[in-house]
Every structure is written in structure tokens, then in C-alpha cells.
Amino acid sequence: MTTLDPNQMEANQTETASETLSPPYGQLNMVFDAVQNEQPPADPASDQSHLAALPTPEALSAQQFMPVLPPAELETYLSDVQRDIQLIDDEAQRSDLLRRARVLDLGVRQYEVNYNVTYAALTRALAETGVGVRQSWSRQEQHLKFMNDSSSASERAYTQATEAIEQATQQRFDALIEQGVSPYTRDADDLYGQAALASLAKDGQPYRPEPDKSLSAKAFSFFAVFSKFFVGLISGISINLLFNPDNLLYMTIIALSAGVMFSVLLLWLLEELAYRTQLSKNRRSAASLVTAILLISSLYLVVEGYLNWDGILRVTQQLAANAAQSSTLQDLSSPSSDVPTTPQHWSLLAFTVSLVSMAIGAALIQGRNRAHHQQEDERLSRRVADLKTSGDLRSAAHATTLPALLEDARSRIQPPRDISSPKHAKLNERVLNWWEKERDTQISELSSAIVSEAQGLQKALETLAQDVQRSRFPKTRRGLAGLF
């Protein structure tokens, strides 16, 4: 086994990186170059303010982990004790102490051998584990340097993006003021919309959208929808009176459902016809649609009037017959009565027809309003398309949209994935901890053995020195005890 020189052990613990990591975000994308014509930022590797802040580990030697006296010190002390043994007068004590001194001399020689072996083993352990420690430390330092470089590059890119956004915002404000639109316009669609509104107003054709619904408008919309179901409910009751004289439950449900369905579908058809009539550009088709509206409205009024008239008459006659049979009322069908045989209910018929007419009118008004709103939107869309095709607002639209694009690009500026994730640093830390634990384990095993041996040998030398001292200078007894 070759013993490594401790003076050459771990002379240098740190290694410089062989490659300079280029920042992943050293330059902004092309959208920034369209606004800012400045020089590109300097290379982050040239900036020494963000270097790794890891401390540099010092070189380790075997003597640091061998807290014992060298063999030469113990050998010198043993030689001094042997020289004192020669000065003892008593032959027996001197021979016994010399024998013990020779045994300790063998122990000192064995301790010297173990000391050298332990020193070589510690040196080899430090050399083997030191390679792993240095490599892990170097990787950790390179990773931290890479993190600092990337973070500084991202910070510079974010600062440049912020400056570009501020400059683009100023250009947007100037462009919007020049076009005479609101400076709070955020995108090109809003710009074209405001410009189209201004163009229509300038030509004497202002945009008239559907006004904000007031309380009366909301009430009209509610009653227009409610009238469809209410008139349908009246129709259902009339149908039930005509076709369900026995008042069967399932026939009542069928009659009410049929009346509501008939009314809602017919009024919806009138609303759709009014909507198509308003949007129609051909007079012949518009005239045909108006004719269809008149025919359907007339048919609806006739059917509703007949249903209500016939149903009411039948119920009235049935009630009168039932009352005559119970003798609670005069028989209306007798010729001697002054009451007419056919009751007149013109007021109820007029009321029913007026309700149906109002429902038809509400449906027609709703269809016309919906068509008017769509016509205004189409007119505004055509003017916006004309402005986009002309290209007069192209530069203003570009200046208006650019700040939002720059903000979106700035939000994507972030360190690389391996920087944002701590997996790489944790792996290096685990490897470094493993090597340090392995080094501490080997060192503790080797140093504990040599320390125990050195302590035992030193204690034996101290005991021998005390015995030699007592043999050389025995205590004299005084008084009567000294006579015996």
C-alpha cells in the first residue's frame, strides 16, 4: 500500500467552472426591439457582483483528527524514566522497574507502528472522500453561480421590458390623443369602434343602439312575455269549456297545454315575421311578410274570439239551466220571460279581443326592436371594416396594442425550469452530505482506536514514573515507628 504525502493532501479544495453559463434570457424578444433600439445588455458572466456566495473549504490533514502525542514524545519520556531507574539503590526494585520499562518500550514501539498506520489510513480516507466532497462542492458552486447568472439576466430582461412598456404606453397616449379618441383605450378593436362611432356621427348617421332598459322598458318586456302565456291560458280555458263538459282532469291539462302552446308559438311566429320584415331589403318580400303578419293576426283574433265567445255562451246557458232546475232563478228559456233567450256578452268578447291584440302588438314591437338593434350593429361593423381596410389607423392601432403585447411578454420572463425547481440543489446537497458522513465515519473509527491506545500507554508511563519516584525517594518514618 502506498502512503500518500499529507503535505500534498487536499492542497486546493475548489475548482473553477470550465464553462461560462450564458444567461437564458440575455436578450428580449423581437417585440421589444420594435420599441427600444438600445444596445444589448452586457454578459452577466462579466459582472462579479453576483458570484457564488459559498465559503471555500480549507484543506484537511490527518493530524487534525489524531489528538494524541507523537511517538517521539512518549519515547523521550520513557528514556528519562529509564535513566532514573538506574539511580535506584534497591536491586530488586530496580530490576522490577527495568522489566516494566522494557515492556512499556515495546508498547511505545507498537504505538509508533499503529500511529503511522493510522496516519496513513486517515490520509487515504481523506483523499478518497475528499474527491467526492470537492466534486459535490464544485457542482453546488456551479449551480449557485448559474442561478445567480440566470436571475440577474431575468432581472435585467424584466427591467428592459418595463422600460419598453413605459415607452410604448407614452406612444399609445400620443397616438390616441392625435386620433381624438379616449386615452383609456386598451386595444385596437376598441380604437376602431370609437373611430367608427365618430365617423358615423360626422356623416350625420349616428349609431343608435338599443338604449339602456329603464324600469318601464323592463316592465314592457316582462308583460310582453307574460301576455303570450296569459292569452294562451285564456285559450286553454275556452278549449276546456268547449271540449271537456265533464271537467275531466286529463282533458283539462291537455286543453290548457294546447292553448298555451298555440298562443306562444303563434305570437313567436308574429315576432319572427316582424323581425324579418324589418331586415328585408326587397319590397316584394317585405310586402309578402306584412301580408302574412296580417293574415296570421286576423286568424288568431278570429280563433280566439270564437273560442271565447262560444265557450262563454255555453257555460252561461248551462249555468242558467242548472239554476232554473233548482228554481233559484227564473227560467231564461221560457217564452213568458222578459229576459232575452240569447245572452249578449259583447263586452267580454271585446275585452278578450283587445288582450289578444295587445299581445300581438307586443310581439311585433319586440321583433322590430330586435331587428333595429341588429341593423345598427351591422352598420357599425361595416364602418369598422372600412376603417380597417383603409389602413389610416394602422399605426395608431399598433401603438394601442403594443403595450398589452409587451406586458404579456414580460409576464413570461422567468428563470429556467431547473432553476425554479430545487431538485438539482437538493441532489447535490444529498451527495455532499453522504460524502461528509462517510468521511466522518472512517475518521471516527480510526481516531478512536489510536486515542484509546495513546491514553492507555500514557497512563502506564505515568504509573511507572510514580513508582520510580517512590523507589528513589522513599518516605522516612519519624518517631517510634522509625525504630521498627
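**Close-up views of a predicted model**

View 1. The model shown here is a predicted one. Thr401 is partly exposed, because its relative accessible area of 25% lies between the cut-offs of 20% for buried and 50% for exposed. Which residues does Thr401 touch, once those up to four places away in sequence are set aside? They are Asp187 and Ala188. Another residue to look for in this view is Thr185: along the sequence, 216 residues separate Thr185 from Thr401, yet their C-alpha atoms are 9.4 Å apart in space.

**View 2. Helix H9 alongside helix H3.** Stay with helix H9, which covers residues 394-411, and bring in helix H3, which covers residues 91-179. The axes of H3 and H9 come within 8 Å and cross at roughly 160°. Angles over 145 degrees count as roughly antiparallel, and H3 and H9 are therefore roughly antiparallel to each other. The crossing of H3 past H9 is left-handed. On the H3 side, the residues making the contact include Tyr158, Ile165, Arg172, Leu176 and Gln179. On the H9 side, look for Leu402, Pro403, Leu406, Glu407 and Arg410, among others. What classes of residue make up this contact between H3 and H9? There are 12 nonpolar, five polar and three charged residues.

**View 3. Gln366 in helix H8.** Now we move to another helix, H8, which spans residues 346-390 and holds Gln366. Is Gln366 buried or exposed? Gln366 is buried, because its relative accessible area is 17%, and the cut-off for buried is under 20%. Leaving out residues up to four places away in sequence, Gln366 touches Phe220, Ser221, Ala224, Val225, Lys228 and Glu271.

View 4. Over the whole protein chain the mean pLDDT is 76, and 76% of the residues reach 70 or more. Which elements have the lowest and the highest mean pLDDT? Helix H1 (residues 30-33) has the lowest, at 41, while helix H6 (residues 249-279) has the highest, at 90. Two stretches deserve a careful look. In residues 1-53 the pLDDT is below 50, and this stretch has 88 contacts in the model beyond near neighbours in sequence. In residues 335-343 the pLDDT is also below 50, and here the model has six contacts beyond near neighbours in sequence. Where pLDDT is low, the predicted coordinates should not be read in detail.

Definitions and conventions: Residues are numbered from 1 along each chain as its sequence is written. This is a predicted model: local features need pLDDT of at least 70, side-chain atom pairs count only at pLDDT 80 or more; totals for chains, interfaces and linings use all residues. Side-chain values use heavy atoms; hydrogens and water are left out. Axes are lines fitted to C-alpha atoms, for helices over the stretch in contact, and angles run from 0 to 180 degrees between N-to-C directions. Helices (H or I, at least four residues) and strands (E, at least two) are DSSP runs, numbered from the N terminus. Angles under 35 degrees count as roughly parallel, over 145 as roughly antiparallel, 65 to 115 as roughly perpendicular and the rest as oblique. A crossing is left-handed if the near helix is turned anticlockwise from the far one by less than a right angle, and right-handed if clockwise. Contact means heavy atoms within 4.5 Å. Ala, Val, Leu, Ile, Met, Phe, Trp, Tyr, Cys and Pro count as nonpolar, Asp, Glu, Lys and Arg as charged, and the others, Gly among them, as polar. pLDDT is the predictor's confidence in each residue, from 0 to 100. Buried means under 20% relative accessible area, exposed over 50%, partly exposed in between (1.4 Å probe, protein chains only).
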